[in-house]
Each structure stands twice: as structure tokens, then as C-alpha cells.
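Me: I have a model open and would like to learn how to read its features one at a time. Could we begin with strand pairing?

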Amino acid sequence: MQKNLIEVRHIQKVYNERLVLNNIDFTIAAGDFVALVGMSGGGKSTLLRLLAGLEAPTSGEILQNDVAVTGLNTKCRVMFQEDRLLPWFNVLKNVTLGDKQPEQIAKATELLDLVELADFSAAYPQSLSGGQKQRVALARALMADPELLLLDEPLGALDALTRQKMQKLILKIWQKRQVTIVLVTHDVTEAVRMATKVLVIKDQKIAWQTAIDLTYPRKNLVEVDQAAQQITQVILDEHQEKEA
Ligand SMILES: Nc1ncnc2c1ncn2[C@@H]1O[C@H](COP(=O)(O)OP(=O)(O)O)[C@@H](O)[C@H]1O
Ligand SMILES: [Mg+2]
């Protein structure tokens, strides 16, 4: 059996006396690609911030390699919908964050090659397209060799074709670098195309989880659609009616 990288135990999160997450329990195996789906406002980003240690749960705990995450999770990196690049740094410097050590520069150069931006290291963010900026952000996130990469709707602002290209790139990185990924998306089809496991967050809970046992690349649209429809029904509350 695969080893658990993450164990989430009875997490509750309350904001201003409002319960946002309640009794959340799940595990993530090392090497998993988890997609977290659900309605807007359902607590997906909150859960990601808890995994990153950017916030603490109101109760419950998160273990990474059997050790409780307290404070900033240094073995994890987050990528957001907006690229958060520094406009006064060129692409290479955005990845190294200005570190001038030769081995850091060599590593950043290698990562820029991985995200297919080898020719852009001297360019500045304002001259790049949205997809290119997100690839720089991805390279920057990989600099620390995180065990866990958290992606909070990073493709949300991209056009459909760029989005598909990014999906392929993220899968390539996942397969090459053996990083564990949690992707937040409201696009259920994207979740089914990419993830090994989909978690549906609804009514403050993990309402459903399912393994996606389709081989990559997932080009069989019928299979992908079928799985996506089932998950959409759960999100939209139509699941029980169908079973009855
Ligand atoms: N820092 C915060 N303070 C108060 N309420 C918050 C905070 N962050 C999120 N919330 C609330 O928690 C709920 C879940 O938000 P969020 O995790 O962003 O959902 P999602 O990412 O699924 O859209 C929302 O109702 C949101 O308004
Ligand atoms: Mg969100």
C-alpha cells in the first residue's frame, strides 16, 4: 500500500462564528493527484490554506508524514489563480527570487526548460501572456522541491486552449517530479482529466470521494464525461434522487 503523505483529521474551521468546514477527514497518498471540487464559497481555498499552514484549523489537525502541520508548511508550495510575479524582476529572477548562487540559477534554468520557457529567462512579466506567467509561477513553486504542490484554480483565468496546454504541462510535471498535487477547480471535467482521486466538498464536508482509474492521457471523452457527470450530480444534489 502507498504511504500516506497527508492525513486530515476531524478538521473544523469557523470564521466569525460561521462554520465553513466541519468534520473533514481524508488522506492523500504520496504521489496522488487530488482534485478538490465543489461550489464557489464551499471552503476549497480555506482547506488549501490549512494544508499550506497559512491558517490554523479551529479544531482537528493535519499530519504530513505523521508530523502535525503547525505554522507555515515549508514542504509545500501554493500556486494561485493570479501569478503573483514581481514586475521588477525578470523571469529567471522571479524563479530564483533574486538568489544569485550558481546552483540556484542552474536549477531555475532547468525548471524554466521544464515549463517550456527556456528562451524567456530575460523577459519581464509584463511582456508575457497569461499562460506564460502561470508557467513562471509554476517553476517558482517547484524551486523548493515541495512534497506537496497546492494549486488553487491556477487555470481559471486562461482561455480554453491555453488551459488544455497547462493541464498537460501540470500532468507532465507531476509524472516527472513525483510531487503530490492538490488541485482546486470548479471544472469537474478538468478534475476527471487530471486527478487520481476527486474529493467533493459540500455542506462543509467531504460529501463524496472517488478514485479515477482511467489511464493517461485521458483522451476517451465518453469515459471522462461519464465520471464528470456523476460527480456533477453529487455537487448539485441530484445523486440521491437518481439512486432512489
Ligand atoms: N478570512 C476569512 N474571513 C472570513 N470568512 C472567510 C475567510 N475566508 C473565507 N471565508 C468564507 O468562508 C467560505 C469559504 O470560502 P472559500 O474557502 O474561499 O471557498 P471556495 O474556495 O470554495 O470558493 C466563504 O463563505 C467565505 O466567505
Ligand atoms: Mg476559492
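Me: Which residue in E10 is the bridge partner of isoleucine 201?

Reply: The model is predicted, so read every feature as part of a prediction. In E10, isoleucine 206 is the bridge partner of isoleucine 201. The pairing of strand E9 (residues 197–202) with E10 is antiparallel and extends over six bridges.

Me: What is the order of the six strands in the open sheet?

Reply: The order is E6-E7-E8-E3-E9-E10, and the pairing is mixed. E6 and E10 are the edge strands with a single partner each, so one side of each has no neighbour in the sheet. Ignoring direction, neighbouring strands are turned against each other by 20 degrees on average.

Me: Which strands of this sheet does H1 touch?

Reply: H1 packs on the sheet and touches strand E3 (33–37), E6, strand E7 (148–152), strand E8 (180–184) and E9. The direction of H1 makes about 155 degrees with that of E7.

Me: Where is asparagine 23, and what is its phi?

Reply: Asparagine 23 is in strand E2. Its phi is near 50 degrees, a positive value in a residue other than glycine.

Me: Which residues are joined by a cis peptide bond?

Reply: Tyrosine 216 and proline 217 are, with omega about -10 degrees. Proline 217 sits in the loop between strand E10 (205–211) and helix H7 (221–235).

Me: How much space lies in the largest pocket, and which residues are closest to its centre?

Reply: The largest pocket holds about 440 Å³ of space. It is lined by 24 residues, of which Cys76, Arg77, Val78, Arg140 and Ala141 are the closest to the centre. Strand E6 (76–79), helix H2 (91–96) and helix H4 (130–142) each give at least two residues to the lining. By class, the lining has 13 nonpolar, five polar and six charged residues. H4 also lies across E6 and E7, running at about 170 degrees to E6.

Me: Which residues does the UniProt domain annotation cover?

Reply: The unreviewed UniProt entry annotates residues 6–228 as "domain: ABC transporter". In the model, that span is 33% helix and 28% strand, and its end C-alpha atoms lie 25 Å apart.

How values were computed:
Residues numbered from 1 in each chain as written. Chains lettered and ligands numbered in written order. Predicted model: local features only at pLDDT ≥ 70, side-chain atom pairs only at ≥ 80, totals over all residues. Heavy atoms only, no water. UniProt positions renumbered as here; feature names shortened; annotations may be inferred. Helix = DSSP H or I, 4+ residues; strand = E, 2+ residues; numbered from the N terminus. 1 Å grid on protein atoms, 1.4 Å probe; cavity = no way out; pocket = protein on both sides within 12 Å on 5 of 7 lines; lining within 4 Å. Points joined across faces, edges and corners; volume = space filled by probe spheres on them. Nonpolar A, V, L, I, M, F, W, Y, C, P; charged D, E, K, R; others polar. Pairing = 2+ DSSP bridges. Axes fitted to C-alpha atoms, helices over the stretch in contact; angles between N-to-C directions. Contact = heavy atoms within 4.5 Å.
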